[in-house]
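Reader: Please take one residue of this protein and look at it closely. Then set it against the whole chain.

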Amino acid sequence: MDTIQNRIAAFVKLGEFLSQFTQKNVAQKDTVEFNDIFFDGFKHQLKIAGENNTWFTKDQLLFATENWSKALTETSIQKWISNENLGHNETKQVAIIMAGNIPLVGFHDFLSVLIAGHSVLVKQSSNDKHLLPFLAKYLEFVEPEFKDKITFTEQKLTDFDAVIATGSNNTARYFEYYFKDKPSIIRKNRNSVAILTGNETKEDFEKLSEDVFRYFGLGCRSVSKLFVPKNYDFDSFFKGMYNKHEIINNVKYANNYDYNKAVYLMSEFDILENGFLMIKEDQSYASPIASVFYEYYENADDLKIKLWEDKDQIQCVVANNFIDNEIAFGQTQHPQLWDYADGINTLEFLAKI
């Protein structure tokens with residue numbers, strides 16, 4: 001019988017399976033179920049994922065799998081679902097249109113739909129299409145009830161009751177029109193910002209380098225914009241960023257760096273750079289790869305008002321005792337299950353459809 005406890009147990013086992021694939025080590029554990037069938041296969045899928053999308057380096061892929069292994073514990077899942085009224089509605093078919101900017105970026109939606117007791121119809125991005133179908137097969141082995149509840153398609157979506165779609169601001173307009181008759185969550189472009197006061201330590205900046213450079217800055221939780229006081233001296237910031245200087249050895253990143261630097265110089269923009277990162281004064285939130293925008297602020301209250309007014313463009317605010325719901329330096333890429341994209345409670349949505 002399909003129960004929420006069975007579903008939780010299956011995802012906990014998936015977390016144990018993923019715990020074998022960490023940044024430090026890829027090694028089999030005797031305690032993990034179905035390793036004889038799946039361990040070598042997943043190693044191969046990680047290799048293929050990296051060959052298919054060169055932004056998905058081995059380090060970035062293993063960072064993602066390790067993070068999910070830490071999130072999929074019984075304690076975390078129980079805490080996450082404890083306030084939600086799940087499994088009391090009839091089972092619906094929920095379509096998910098996934099982005100492909102970082103490895104397993106659509107996994108949270110996939111997990112949410114299945115934990116809520118619904119069936120999932122997944123349309124993946126071609127940039128990230130190898131890992132999730134394989135992990136879904138593992139789930140079906142662990143919990144056979146999932147066999148009829150997980151479908152992947154590359155065709156036009158049909159026969160679904162609700163949709164969760166992630167895309168750019170342009171595709172979001174299309175999604176809103178196309179899915180106007182269905183219950184939906186439509187996610188658009190968002191970026192993350194850091195608030196600097198001038199009181200940051202060397203350790204703060206080294207941690208911030210993780211928020212800036214993890215996934216090459218391609219994630220919505222990646223810091224792409226700084227707010228700094230008037231006459232701010234960026235020297236300490238650049239010293240902290242040096243922590244990640246080896247990123248320039250990635251050919252694709254280096255090509256973006258060279259291209260964007262050339263564009264800025266030809267346009268005669270004022271930039272500061274250190275050989276692998278450029279910063280530019282700009283009011284926009286979305287900065288190109290290898291660059292971070294910055295904007296000056298006069299006082300804290302005005303900045304808080306601006307952040308509130310622009311909240312639909314912002315995913316995370318990194319700061320130290322500046323604002324409610326801020327994220328500590330170095331923590332943007334370690335979301336908890338209850339840290340919802342765009343602040344929309346996916347489980348609450350799924351409980352009501």
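Author: Contact here means heavy atoms within 4.5 Å. This is a predicted model, where local features need pLDDT of at least 70, side-chain atom pairs count only at pLDDT 80 or more, and totals for chains, interfaces and linings use all residues. Residues are numbered from 1 along each chain as its sequence is written, and side-chain values use heavy atoms, with hydrogens and water left out.

The residue is Thr346. Thr346 lies in helix α12, which covers residues 346–352. Helices are DSSP runs of H or I with at least four residues, strands are runs of E with at least two, and both are numbered from the N terminus. Thr346 has a relative accessible area of 0%, so it is buried. Buried means under 20%, exposed over 50%, and partly exposed in between, with a 1.4 Å probe and protein chains only.

What does Thr346 touch, leaving out residues up to four places away in sequence? Its contacts are Asp109, Ser112, Ile164, Ile185, Arg187 and Tyr340. Val113 is 233 residues from Thr346 along the chain, yet their C-alpha atoms are 8.4 Å apart.

Now the whole chain. Contacts between residues at least 6 apart in sequence join residues at least 24 apart in 72% of cases. Of the 353 residues, 52% are buried. The fold has twelve helices and eleven strands. The radius of gyration is 21 Å, close to the 20 Å of the globule rule for 353 residues, so the chain is as compact as a globular protein of that length. That radius is taken over C-alpha atoms, and the rule is 2.2 Å times the number of residues to the power 0.38. The C-alpha trace spans about 65 × 45 × 35 Å along its principal axes.
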